[in-house]
Amino acid sequence: MPKRGETEVFRITGARQGLADDVRGRQRRYVISMTVRTLSVIAAAVLWNVERHVAFVALALGILLPYVAVVIANAGRETAPSLPSTFVPAPVRPALGAGGAAVDTDPDQARPYGRN
């Protein structure tokens, strides 16, 4: 809860992607991977009597890709650890010292302004 006279500031860059956009993106990735799987199974059938080694690779891709596609499509909405914090603290304002000189209230810097 902010103190009197202070306001909370939020960053929009820390907001998560919308649920509809997330679902749409996962559906698109799944459809693309299933299209690649279908093409690899067709390629395996066509190349079976022509180039058997390439047909085996295409068949292996067609067998393994559904598992990978489902795992990728079911990946949840985990929070990425690299996102910035959504809260930005209010800036610290200097206070007047006993001698009338401005004193920084930041505990990292104990010297008053104007003095070295």
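## Valine 70

Valine 70 counts as partly exposed because its relative accessibility is 37%, a value between the 20% limit for buried and the 50% limit for exposed residues. The model is a predicted one. Valine 70 belongs to helix α2.

## Alanine 75

Alanine 75 sits in the loop between α2 and β2, the latter covering residues 87–88. With a relative accessibility of 35%, alanine 75 is therefore classed as partly exposed.

A distance of 8.3 Å, C-alpha to C-alpha, separates alanine 75 from arginine 26. In sequence, alanine 75 and arginine 26 are 49 residues apart.

## The helix pair

Helix α1 spans residues 19–47 and helix α2 spans residues 52–73. The two helices pack with their axes 8 Å apart, at an angle of about 160°. The helices α1 and α2 are therefore roughly antiparallel, since angles over 145 degrees fall in that class. Their crossing is left-handed.

Sorted by class, the residues in the contact of α1 with α2 comprise 18 nonpolar, 3 polar and 4 charged.

## Chain layout

The chain contains 2 helices and 4 strands. Read from the N terminus, the order of these elements is β-α-α-β-β-β.

## Burial, contacts and surface

The chain has 116 residues, and 13% of them are buried.

Among contacts in the chain with a separation of 6 or more, 54% join residues 24 or more positions apart.

Conventions:
Residues are numbered from 1 along each chain as its sequence is written. This is a predicted model: local features need pLDDT of at least 70, side-chain atom pairs count only at pLDDT 80 or more; totals for chains, interfaces and linings use all residues. Side-chain values use heavy atoms; hydrogens and water are left out. Axes are lines fitted to C-alpha atoms, for helices over the stretch in contact, and angles run from 0 to 180 degrees between N-to-C directions. Angles under 35 degrees count as roughly parallel, over 145 as roughly antiparallel, 65 to 115 as roughly perpendicular and the rest as oblique. A crossing is left-handed if the near helix is turned anticlockwise from the far one by less than a right angle, and right-handed if clockwise. Ala, Val, Leu, Ile, Met, Phe, Trp, Tyr, Cys and Pro count as nonpolar, Asp, Glu, Lys and Arg as charged, and the others, Gly among them, as polar. Buried means under 20% relative accessible area, exposed over 50%, partly exposed in between (1.4 Å probe, protein chains only). Contact means heavy atoms within 4.5 Å.
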